[in-house]
Amino acid sequence: MSSKTTPIKIRPEVLAVPGYKQGQAPANLGYKLSSNENPYPPLRVVLEAIADRTDFNRYTAADVTKLRENIAATENERQLCRQSTAAARGGNPLRAATALQQLKPLSAANVHVLGAGSVAILYQLIGATCGPANNYVYPWPSFEAYPLLGTVPGATGKPVPLTAAGSHDLTAMAAAVDDATGAVLLCSPNNPTGPTITAAEFKDFMQQVPRDVMVVLDEAYAEFVTDAAAVDGVSLLHNYPNLVVLRTFAKAQGLAGLRLGYGFAAPEIWAAVSPAAIPMSVNALSEAAALAALSDEGQREITARVATLVQRRAELVQGLTQLGLTVPAAQGNFVWIPAAQLAAAPGAGGEADPPTAYAAQLAAQGILVRPFAGHGVRISVAEAESIPAVLAATATYLRQESV
C-alpha cells in the first residue's frame, strides 16, 4: 500500500513506485561526490556561445539538424582515429588500409538528440517498445532510473544481479529474455560499479538475443574508458540493426545542468520511436553549449580534463587499495566500494547498513557520496583535494573500534 496521497486519480502502480532521488548537495563546505558531476567549470567556448544567444523568443529547429550533423562528424572522426590506432598497432599496412576502407560513416539520420539527458531517451525507448504485456531486462545494481522506466507504459522490469566482480552477468541476462521482452538495457561502464562490457562479451551476448529485441547500450561514461578490451558500441551499429547506443553531454563535457542526451541507431529506429518523444525538448542554450563543446577547442579541452580525471581515478583506487579495500575495475568517473568491504570494518557492527553508515560518517565531514543500501557506495572522482579527504575519512571509518 502506498503512503502517497493525492486529490486526483492516479494509477496504483505509479503510486507504488518511489520517484528518482538525485544526489544531495553538501550542507557545509566540502565535496559533492554523489552525482558523478564534472568538477571543472564550463568551458570558455561554451560560456561565450551561451552569451551570444539572444533568440530565446524562437524555438530551436525541430530536428536540431546542425547539432546532429556535428555529433555525427565528431563521432566519425573518433572512429577513424580509433581504427587507425588499432590498425597501426597490428603492424599490417594492408590490413590497416582495408579496415579503414570498411568504416561506414554515420550521418545525422543515425543521431537522435533529446533534452533532459540520455535518461529522457531511455524513457522514450522503453515507452515505444514495452507495454503492459511486455518486460525489459536490465542489470542491477545499475543506473537508478532503470527500474522506473516501465512504470508509465505498465511494463515489467526484470533486474538481473551483477556478478561478484560488479560486472554484467550477460549469460543470465540473455537467459532472462523471453517472447515478451521488448528491450534489454546494458550499461558500460556500469554505473555505479565501474566495470565495462568487453567487445568479446558483447558479441557473444548479441548472438543470443533475438534480432527484433532492442538492445540499448548506455555509454554515458564512454569518454573515461581506458580499457582497450571494452566494447565500443558505435563501431558496431552496422552489425546489429537492433542496437541503440546512448551518450550524454552531462559527464565528460560538463553540461549536466543544461540536460542534453543523444543516441546512435539505425534511422528506422529513430523514426519508429519518434511518437514517444517529448516534442521540442531541446532548448537554445543546450544546443549552443553542445555545439561549442564539439568545436575543436572544446574537444581539446575536454580531452585534457578527462585525462586528468582518469589520473585522479587511479589515485583514488590506489589509495583505497592501500587501505585494504578491494574495488571493482573503475572505468567511469567514479569508484565503487562493495558493501562486503565496508561490512568487514571493525566499526561496522550492529544493525546499520554499512554503505549507509559509511556515507553518513563521510557526510558529517562535508563529503557526500552515494550509498546503495545493501550493495555498496559510489564515490565520484572530482577535485584533486577531495581524494586525500576521502581517503582520510575512509581510513578513520575502517579503523574505528567496534561498538
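This is a predicted model: local features need pLDDT of at least 70, side-chain atom pairs count only at pLDDT 80 or more; totals for chains, interfaces and linings use all residues.
Arg53, for its part, is partly exposed, with a relative accessible area of 21%.

That pair belongs to a structure with 14 salt bridges. Some of them join up, and Glu75, Arg78, Arg82, Glu219, Asp232 and Arg247 are linked in a network of salt bridges. Within this group, the side chains of Glu75 and Arg78 meet at 2.7 Å, N to O. Both residues lie in helix 3, three residues apart, or about one turn of the helix. As a rule, an α-helix has 3.6 residues a turn, so residues three or four places apart point the same way. Glu75 is buried, with a relative accessible area of 4%, while Arg78 comes out as partly exposed at 32%. Arg78 also has a salt bridge to Asp232, at 2.6 Å from N to O. Asp232 lies in the loop between strand 6 (214-218) and strand 7 (243-248) and Arg78 in helix 3, so this pair ties together parts that are 154 residues apart in sequence. Asp232 is buried too, with a relative accessible area of 9%.

Next comes the domain layout. The assignment for the protein chain gives domain 1 as 23-38 + 298-398 and domain 2 as 57-294. Taken over C-alpha atoms, the centres of domain 1 and domain 2 are separated by 26 Å. Contacts between them involve 22 residues of domain 1 and 27 residues of domain 2. About 2,000 Å² is buried between the two domains, with carbon and sulfur atoms giving 59% of that area. One salt bridge is counted between domain 1 and domain 2, and the rule also finds 12 residue pairs in polar contact across the interface. On the domain 1 side, helix 10, strand 9 and strand 11 (370-372) each supply at least two of the residues that touch domain 2. Helix 10 gives the most to that side, with seven residues.

At 1.5 Å a residue, its 27 residues (296-322) should span 39 Å, which agrees with the 39 Å between its end C-alpha atoms. Its buried residues include Gly298, Ile302, Arg305, Leu309 and Leu316. The buried residues of helix 10 pack against helix 2 (44-51), helix 9 (284-293), strand 9 (334-338), strand 12 (376-380) and helix 13 (386-399). Just after helix 10, Gly324 takes a positive phi of about 95°.

Two further buried positions round out the picture. Ser380 lies in strand 12 and is buried, with a relative accessible area of 3%. Its side chain makes a polar contact of 2.7 Å with that of Asn36. Beyond its sequence neighbours within four places, Ser380 is in contact with residues including Leu33, Asn333 and Phe334. Ile121, found in helix 5 (residues 117-129), is buried at 0% relative accessibility. Setting aside residues up to four places away in sequence, Ile121 touches His112, Leu114, Leu246, Gly261, Tyr262, Gly263 and Trp270.

Terms used
Residues are numbered from 1 along each chain as its sequence is written. Side-chain values use heavy atoms; hydrogens and water are left out. Helices (H or I, at least four residues) and strands (E, at least two) are DSSP runs, numbered from the N terminus. The expected span of a helix is 1.5 Å times one less than its number of residues. Buried means under 20% relative accessible area, exposed over 50%, partly exposed in between (1.4 Å probe, protein chains only). Contact means heavy atoms within 4.5 Å. A polar contact is a pair of N or O atoms within 3.5 Å; within protein, one must be able to donate a hydrogen and the other to accept it, and residues adjacent in sequence count only if both atoms are side-chain atoms. Domain bounds come from an automatic or database domain assignment. Buried area is the accessible area (1.4 Å probe) that two parts lose on being put together, summed over both. A salt bridge is a side-chain nitrogen of Lys or Arg within 4 Å of a carboxyl oxygen of Asp or Glu.
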